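The structure is shown first.

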Amino acid sequence: MGTARRACADLLSRFHPLGPSEAADLARVRELVDTVEDPWLRSIPLHVTASALIVHPESGRVLMRWHQRQQAWLQVGGHGDPGETDPIEIALREGREESGLTDLVPWPDARLVHVVIVPVSAKGDEPAHEHADLRFVLATTTPDAVRPEKPHAPLRWLTAAEAHEITEGNVRETLARVEGLLAA
């Protein structure tokens, strides 16, 4: 198995889905990783992405980012750059780029917290496709250092309850899992 697949395969082999929907998504992602040489390629209709919910454990707040394309408040994250293969490292890079936070670390450890396949609408010359999103939790000790990557991508620190009010669907499920970690 090539390096582009190994890190994903190892991570997915240790993950336990919560419920039939996540089990179905996990099965599809495992099949993708087992059969496609580079599951990160944006040119395939289903490809792997990595994202994270950033938390400030001391205050119990979570960071939400406005995503213009989806017209929604979401977690940070996205595609791997050419040559990147480690999902947690991709989530960390994306988190730093999108939040300006340089002290991000996996929290409470580098475990995968949610696996979900997300539909993405067509835009311009890019056809509709799906993201096999591998989700983590990252923490900062410097929440006031947050800086948006772009003017049209504002960031908001919220309590988990406030974040539930402005998000929907699978992001709420990720939030619920993070709430459990923050409460522990």
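The points below cover the basis of the values, the aromatic and charge contacts, and the salt bridges.

1. Basis of the values. This is a predicted model, in which local features need pLDDT of at least 70 and side-chain atom pairs count only at pLDDT 80 or more, while totals for chains, interfaces and linings use all residues. Residues are numbered from 1 along each chain as its sequence is written, and side-chain values use heavy atoms, with hydrogens and water left out.

2. Aromatic pair. Rings of Phe, Tyr and Trp (the six-membered ring of Trp) pair if their centres lie within 6.5 Å, with planes under 30 degrees apart counted as stacked, over 60 as edge-to-face and the rest as tilted. The count by this rule is one aromatic pair. Trp66 and Trp73 form this pair, which is edge-to-face, with 5.5 Å from centre to centre and 65 degrees between the planes.

3. A residue is buried under 20% relative accessible area, exposed over 50% and partly exposed in between (1.4 Å probe, protein chains only). Trp66 counts as buried because its relative accessibility is 19%. Trp73 has a relative accessible area of 14% and is therefore buried.

4. Charge over a ring. Trp73 also has Arg156 over its face, at 5.2 Å from the ring centre. The criterion requires NZ of Lys or CZ of Arg within 6 Å of the ring centre and within 35 degrees of the ring normal.

5. A salt bridge is a side-chain nitrogen of Lys or Arg within 4 Å of a carboxyl oxygen of Asp or Glu, and the whole structure holds 13 of them. In one, Glu130 is joined to Arg28, the closest N and O atoms being 2.7 Å apart. This pair links distant parts of the chain, 102 residues apart: Glu130 lies in strand S7 (residues 129-139) and Arg28 in helix H2 (residues 20-35). Helices (H or I, at least four residues) and strands (E, at least two) are DSSP runs, numbered from the N terminus. Glu130 is partly exposed because its relative accessibility is 25%; Arg28, at 35%, is also partly exposed.

6. Arg93 and Glu94 form a salt bridge whose closest N and O atoms are 3.1 Å apart. Glu94 is buried at 10% relative accessibility, and Arg93 is buried at 15%. Both belong to a network of salt bridges that links Asp81, Glu84, Arg93, Glu94 and Glu97.

7. A partly exposed pair. Asp109 forms a salt bridge with Arg111, with 2.8 Å between the closest N and O atoms. Asp109 is partly exposed at 33% relative accessible area, as is Arg111 at 39%.
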